[in-house]
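Reader: I would like to learn how to read a pocket and the fold around it. Where do we start?
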Amino acid sequence: MTTTTSVPDRRHRAPARPSARAGGRHRAGRLAHIVLGLAAVASLFPLYWTLVAASTDSHAVVSSPPPMLPGGNLFENLTYVWRNAGGRGMGVALLNSTLVAGAVTVSTVTFSVLAGFAFAKLRFRGKKVMLGLVLSTLAVPAQLSVVPLFILTKNLGLGNHLGALILPVLVTAFGVFFMRQFLSQALPTELLEAARVDGANSLRVILHVVFPVARPAMAVLGMLTFVQSWNDFLWPIIVMNGATNPTVQVALAGLGTGWSTDWSVITAGALMGTLPLLLVFVLFGRHIVGGITQGALKG
C-alpha cells in the first residue's frame, strides 16, 4: 500500500501581513514629514509677516490684533523705498551691496582655497605656527579692529569708497580653516602625486585638481560669505559716511529716522533688501545643500 502526502498549493497562500517594524517605520516617516512641515511654516512666517506689514500702513502694523492678510499699499511703499532709501535711492544701495558682496565672496573663496590647500597638503617651515596665528585671529572681536581700520582707510584715501569695504575682508581666517579641513579629507595625496608625474606644474594642479575637488566646499563658503557681507552694518555705516554712498543695510537704517517711524516703509525696505538673498538661495541652493551633504559624508 502506497502512502501519499499532500503538498500545499503555494499559489493560494494568503498574503503576508506587514511586520510591526515596517509599520513603525511608516509612522516614524509620517511624523518626520509633519515635523518638517511645521518647521517650514514657522521658518516662512517671518517672511510672510514682512510682506503683510509692507503692504499696509503704519497704523495697521502697530494695531492690536495685527493684520494677518496683505493690504493694498505694497506698491506704494516699495516705490517710496526705491526713490528715497539712503538719500540716493534703493537702486544705488542694491548696486553697492552687490558689488561689495560679490567681490568679497570671490576673493574670500579663492584665497581660502589657496591657503587651505597650502596648509593641508604642502610642506614648509613654520606651517603649524602660521596656522595657529591664523586661527588665533578668530578669538579677536571684530569691534576691536574698527578704529585701526578706520585710520588705515583714511590714510589710504579710501574714505567713502567701496574699496574700504572690500580690502579688509579679502580673506578670512574661518574660510582658510574651513577649506583646510575639507581638503585634508577630500583631496587624496595620491591624486596630487599623479598630477605631478603627468608633468603638471603648480598652477595646473591648482586649477585642474584642487579647485574641482573643493567645489562643494566653495559653494558653502561662498554662500556664507555673501550673506555675511550683505548683512554687514557696523563697518559700512562708519566708513561710508552714512547716507552719501550707502549699502543696503545703511540705507535701511536711514528709513527709520524722522519725526515718526513708519514701520510699513521700513518693512518694505527690509523685504526689498531680502529678495536678492532669496534669489541667491533659489539659484544656488542645490549646490549649497550638495556641498553640505558631501562634507558631512566625508566627515
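Reader: How do the residues of the lining of the largest pocket divide into nonpolar, polar and charged?

Author: First, a caution: this is a predicted model. Now the general idea. Rolling a probe the size of a water molecule over the atoms shows where empty space is left. In this case, the lining of the largest pocket divides into 22 nonpolar residues, twelve polar and one charged.

Reader: How many residues line the largest pocket, and which lie nearest its centre?

Author: The lining has 35 residues. Nearest the centre are Ala142, Pro168, Val169, Thr172 and Gln228. Helices 4 (90–121), 6 (146–155), 8 (173–186), 11 (215–231), 12 (234–239) and 13 (248–255) each give two or more residues to this lining. The space in the largest pocket comes to about 1,000 Å³.

Reader: Which helix supplies the largest share of the lining?

Author: Helix 11 does, with six residues.

Reader: Step back to the fold. What does the secondary structure of the protein come to?

Author: Count the elements, then read their order. Here there are 14 helices and zero strands. Along the sequence the pattern is α-α-α-α-α-α-α-α-α-α-α-α-α-α.

Reader: What share of contacts joins residues at least 24 apart?

Author: Take contacts between residues at least 6 apart in sequence. In this protein, 73% of them join residues at least 24 apart.

Reader: And what share of the residues counts as buried?

Author: Of 299 residues, 32% are buried. For the surface, look at area and atom type. The protein exposes about 19,100 Å², and carbon and sulfur atoms supply 66% of that area.

Reader: Let us take single residues. Is Asn96 buried or exposed?

Author: Compare the relative accessible area with the cut-off: buried means under 20%. Asn96 counts as buried because its relative accessibility is 6%. Asn96 sits in helix 4.

Reader: Which residues does Asn96 touch, leaving out those up to four places away in sequence?

Author: Asn96 touches Leu162, Asn245, Pro246 and Thr247.

Reader: Now try Val250. Where is Val250 found?

Author: Val250 is in helix 13.

Reader: How many residues apart along the chain are Val250 and Ile238, and what separates their C-alpha atoms?

Author: Read chain separation and spatial separation side by side. Val250 and Ile238 are twelve residues apart along the chain. Their C-alpha atoms are separated by 9.7 Å.

Key:
Residues numbered from 1 in each chain as written. Predicted model: local features only at pLDDT ≥ 70, side-chain atom pairs only at ≥ 80, totals over all residues. Heavy atoms only, no water. Helix = DSSP H or I, 4+ residues; strand = E, 2+ residues; numbered from the N terminus. Buried < 20%, exposed > 50% of the residue type's maximum accessible area, 1.4 Å probe, protein only. Contact = heavy atoms within 4.5 Å. Areas by Shrake-Rupley, 256 points an atom, 1.4 Å probe, with all protein chains shown as cover. 1 Å grid on protein atoms, 1.4 Å probe; cavity = no way out; pocket = protein on both sides within 12 Å on 5 of 7 lines; lining within 4 Å. Points joined across faces, edges and corners; volume = space filled by probe spheres on them. Nonpolar A, V, L, I, M, F, W, Y, C, P; charged D, E, K, R; others polar.
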